[in-house]
Amino acid sequence: MKGVYFLVAILAFTSSIASAYDPSPLQDFCVALNDTKNAVFVNGKLCKDPKVVKAQDFFRHVEAGNTSNPLGAQVSQVFVDQLPGLNTLGISMARIDFAPKGLNAPHTHPRGTEILIVVEGSLYVGFVSSNQDGNRLFTKVLNKGDVFVFPIGLIHFQLNVGYGNAVAIAALSSQNPGTIIIANALFKSTPSISSQVLTKAFQVDKSIIDYLQKQFWTDNNH
């Protein structure tokens with residue numbers, strides 16, 4: 001009997017610990033504010049009255065993306081901003097269209113793990129592990145029907161290595177996983193990151209950083 005009481009006590013203790021945590025944020029930042037007149041709703045969106053919800057709130061049609069851009073790829077997002085019915089459900093998706101040799105440039109999703117399936121064509125995909133893991137590169141060539149997982153927050157990419165167009169569908173474990181394209185974040189930030197910082201970080205001459213910051217960095221996520 002003492003063993004049962006001990007087990008119950010342990011379960012109660014662990015359940016209290018499990019429930020005592022901060023929820024994962026669904027936006028980049030949230031600054032504390034006492035004036036509610038200038039406040040916004042956090043970790044989701046305000047809910048529509050269930051009595052007036054319609055089937056259309058859970059529906060969206062996704063066309064093939066326009067790949068006529070420098071990267072030759074287009075990501076068509078279906079996040080909560082595009083599909084209101086996703087609010088609070090913790091999932092989202094995207095369609096990725098690739099022209100021949102098109103690239104979905106190295107990027108991260110700070111709030112979601114991604115699982116991708118190739119619908120058409122062949123893709124060279126990969127992700128890089130964290131510093132603690134030695135920045136190991138994990139890559140695979142995927143063909144139609146193949147599936148690959150990109151762990152949350154890790155830098156990853158997809159490149160069309162076939163001779164024709166390619167299409168992939170990605171599902172993500174957040175209604176608003178966020179996207180950070182590495183090149184854009186470093187060389188297209190507003191305002192620009194100091195060239196002193198970037199020359200030191202990349203160990204290159206300032207002229208190279210100046211050149212990179214003057215380039216037109218494509219944001220092909222829409």
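How much space lies in the largest cavity? About 70 Å³ of space lies there, a cavity being, on a 1 Å grid over the protein atoms alone, a set of points where a 1.4 Å probe fits but cannot get out, with points joined across faces, edges and corners and the volume taken as the space filled by probe spheres set on them. The structure is a predicted model, in which local features need pLDDT of at least 70 and side-chain atom pairs count only at pLDDT 80 or more, while totals for chains, interfaces and linings use all residues. Residues are numbered from 1 along each chain as its sequence is written, and side-chain values use heavy atoms, with hydrogens and water left out.

The structure holds 1 cavity of 30 Å³ or more. Of the 14 residues that line the largest cavity (lining residues have an atom within 4 Å of a point), the closest to its centre are Val75, Ala94, His109, Glu114 and Asn221. Two or more lining residues are contributed by each of strands S1 (73-78), S2 (92-98), S3 (103-108) and S9 (166-172), where strands are DSSP runs of E with at least two residues and helices are runs of H or I with at least four, numbered from the N terminus. By class, this lining has 6 nonpolar, 7 polar and 1 charged residues; Ala, Val, Leu, Ile, Met, Phe, Trp, Tyr, Cys and Pro count as nonpolar, Asp, Glu, Lys and Arg as charged, and the others, Gly among them, as polar.

Overall, the chain has 4 helices and 10 strands, and buried residues, those under 20% relative accessible area, make up 31% of its 222 residues.

The second largest pocket, a pocket being an open set of points with protein on both sides within 12 Å along at least five of seven lines, has a volume of about 250 Å³. Its lining includes Lys45, Lys48, Asp57 and Phe58, and comprises 6 nonpolar, 3 polar and 3 charged residues.

Strands S4 (114-120) and S7 (147-150) each give two or more residues to the patch, and S4 gives the most, with 3 residues.

Definitions and conventions. Buried means under 20% relative accessible area, exposed over 50%, partly exposed in between (1.4 Å probe, protein chains only).
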